[in-house]
Amino acid sequence: MRTAHRMDRRRLLQLAAAVAAGVSLPAFCLVRRWGADPFLLGVASGAPEPESVVLWTRLIAAGPFGTLGDEPISVRWEVAHDMNFSGLVRSGEALALSELAHSVHVEVLGLAPDRWYFYRFISGDAISPTGRTRTLPAPDAVVGRLRMAYASCQRWEHGYYSAYRHMREEQLDLVMFLGDYIYEYPNATAAVRSFPKLGWLTTLQEYRERHALHRSDPDLQAMHAACPWLLVWDDHEVQNDYAGLQAGDGFPLGLNSAADFAARRAAAYQAYYEHMPLRAAAFKRALAAGDGSAQLRLYSQLRFGRLADLLLLDTRQYRDPQVCGPRGRPSGLVDPLLCAALQDPTRSLLGAQQEQWLDQSLARAGSGWTVIGQQTLFGRRDNLAGPAVSLWNDGWDGYAAARTRLTDALQKHRVGSPVLLGGDVHENWIGHVKADYLRPDSAAVGVEFCGTSITSRAGGAAKVAQRLAENPHFVFAEGRHRGYGVTEFTPARLSTQLRVLDDATRPDARIETLARFSVQAGRPLLEQH
Ligand SMILES: [Fe+2]
């Protein structure tokens, strides 16, 4: 069994290397007549750089759960300035491998900085939908504007993706998706939409099917086709509240041993890579590590000219286990007076290597905005009224020393305009990032926008006002609405709109602006308008 696994991994590495090197394709796959559209999962782009971007698609047989056999399939890709593809800027051939669920990750090189492009894929007689993508400005370019959305938590059966239909109208440069792209659960009770195959995810095939189910949604597909996405995951891409290689909870007994979890995490990570516009290097490097625990490097830094540095953090893959979880569960609400380990400075949410990388990245950050996309609420949140304190041990509150290392790094490196973005809590929380959360009068060293969910339900909306009163470093909180945030950065200020749906359980939901905030560059003070 172990030998078979190693053989598979070696073959995958060889194939991935061959694809990256642009091998010529076997003749048998050059002509193909498709009975059904193989591009039903749409197209996507991501990981933009000044001269390159990743284009993604995945070929499938009829329906989102179809598979195409074992042979590699040839896919042509085209990039053009115009949507009619009359003059091609770049084009080439890629191989869709069955080992990677016939996904395609094309790294297009030689593009012009700060420019929009159209792209599409062709296989035999089938042509994909057309996508639109852009490159980043050159690192030293003077840039007047960046307009991006941040979003998270899109449990499929909890609602419709109306948020994405409205997001398409926002004229965005980028989408930052901060986690919970899929959920591992079976059908929800009172599901808004359901599918017969919605069971617990345990195998590679099941994780693939869940991703494909999401990607079959036309609104999500259209938003992926509208601009590049920057993607990081949270827990539900694998399992609720997992920590590194420690299983989370919620799974049926008998399916949650450490060995089960390691295999499940590896399967989930592979399926995630197969469905996201990520660079192959992230996945190849992980396979080459060879320690039996598949990894996928998602943390990264992008520079949007001199205007902004964009950092993406992964707070799941490398974290230490939660501590003091109630009733034998890994995660829950914890009284810090009864849990000294919450303050243990050796514990990390990012892992030592990512922390070191983050410190170096902050040291290199330019003088513009430093936007840190991560998974969850950053600021301390006491969840109980009165003097008693109750902290959620799965978030930054469970790793307070690691949070302090990050806020210390922001000060040490004199990061001028830090902006923390997050998700996970299914509520909008806006606040000041404090140098010391235990001292209300300590300096604000940045601002935080933690976003609500696209569809996932929120349980605690009734408690939001009380929690907000208890935690004065937050200036705004609201939990009844689903939606996303849109932030526009200019050299002088950022402006954020919280965009919310009237009803995420309706496919024709309308959008409105719940609140507006601005922050001047170099001055971490939230103003609500
Ligand atoms: Fe979530």
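The iron ion is coordinated by four side chains, namely Cys153 through its SG atom, Asp180 through OD, Tyr183 through OH and His426 through NE2, at 2.1 to 2.6 Å. Since this is a predicted model, the distances and angles given here are computed from its atoms. Along the chain, the donors of the iron ion follow the spacing C-x26-D-x2-Y-x242-H.

Cys153 lies in the loop between β9 (146–151) and α2 (162–167), while Asp180 lies in the loop between β10 (174–177) and α3 (204–215), so the pair ties together parts that are 27 residues apart in sequence. Are these two residues buried or exposed? Cys153 has a relative accessibility of 1%, so it counts as buried, and Asp180, also at 1%, counts as buried because buried means under 20% relative accessible area.

The loop between β10 and α3, in which Asp180 is placed, also holds Gly199. Gly199 has a relative accessible area of 27% and is therefore partly exposed. Leaving aside neighbours within four places in sequence, Gly199 is in contact with Glu184, Tyr185, Pro186 and Arg210. The C-alpha atoms of Gly199 and Ala188 are separated by 9.9 Å, and these residues are 11 apart along the chain.

Another loop, the one between β15 and β16 (391–392), is the place of Gln374, whose relative accessible area is 1%, so that Gln374 is buried. Which residues does Gln374 touch, once its neighbours within four places in sequence are left aside? Gln374 is in contact with Leu178, Leu313, Thr315, Trp396, Leu420, Leu421, Gly422 and Gly423. One of these, Gly422, is 48 residues from Gln374 in sequence, yet the two C-alpha atoms are 5.2 Å apart in space. A polar atom of the Gln374 side chain also lies 2.7 Å from the backbone oxygen of Thr376.

Aromatic rings form a further theme, and the count comes to 19 aromatic pairs. In one of them, the ring centres of Trp369 and Phe489 are 5.7 Å apart and the planes meet at 55°, so the pair is tilted. Trp369 belongs to strand β15 (residues 369–373) and Phe489 to strand β21 (residues 483–489), and the pair links distant parts of the chain, 120 residues apart. Trp369 and Phe489 are both buried. In another pair, the rings of Phe449 and Phe517 have centres 6.2 Å apart and planes at 70°, which makes the pair edge-to-face, because planes over 60 degrees apart count as such. Phe449 lies in strand β19 (residues 444–450) and Phe517 in strand β23 (residues 511–520), so this pair ties together parts that are 68 residues apart in sequence. Both Phe449 and Phe517 are buried. Rings can also gather in a group, as in the one aromatic cluster formed by Tyr161, Tyr164, Phe177, Tyr181 and Trp229.

Arg32 lies over the face of Trp34, at 4.3 Å from the ring centre, and Arg132 lies over the face of Trp116, at 4.0 Å from the ring centre.

Most residues other than glycine have a negative phi. Cys324, however, has a positive phi near 65°, and its place is in the loop between β13 (308–312) and β14 (333–334). With a relative accessibility of 38%, Cys324 counts as partly exposed. Asp424 likewise has a positive phi, of about 75°, although it is not a glycine, and Asp424 lies in the loop between β17 (417–422) and β18 (428–434). At 19% relative accessibility, Asp424 counts as buried, because the limit for that word is under 20%.

Finally, Ala365 is found in the loop between α7 (352–364) and β15, and with a relative accessibility of 16% Ala365 counts as buried. Beyond its neighbours within four places in sequence, Ala365 is in contact with Arg303, Asp309 and Thr370. Pro38, by contrast, is 327 residues from Ala365 in sequence and 42 Å away in space, C-alpha to C-alpha.

Technical notes:
Residues are numbered from 1 along each chain as its sequence is written. This is a predicted model: local features need pLDDT of at least 70, side-chain atom pairs count only at pLDDT 80 or more; totals for chains, interfaces and linings use all residues. Side-chain values use heavy atoms; hydrogens and water are left out. Rings of Phe, Tyr and Trp (its six-membered ring) pair if their centres lie within 6.5 Å; planes under 30 degrees apart count as stacked, over 60 as edge-to-face and the rest as tilted. Helices (H or I, at least four residues) and strands (E, at least two) are DSSP runs, numbered from the N terminus. Buried means under 20% relative accessible area, exposed over 50%, partly exposed in between (1.4 Å probe, protein chains only). A charge sits over a ring if NZ of Lys or CZ of Arg is within 6 Å of the ring centre and within 35 degrees of the ring normal. Contact means heavy atoms within 4.5 Å. A polar contact is a pair of N or O atoms within 3.5 Å; within protein, one must be able to donate a hydrogen and the other to accept it, and residues adjacent in sequence count only if both atoms are side-chain atoms. Donors are N, O and S atoms within 2.8 Å of the metal (3.2 Å for Na, K and Ca); water is not among the atoms, so sites may look incomplete.
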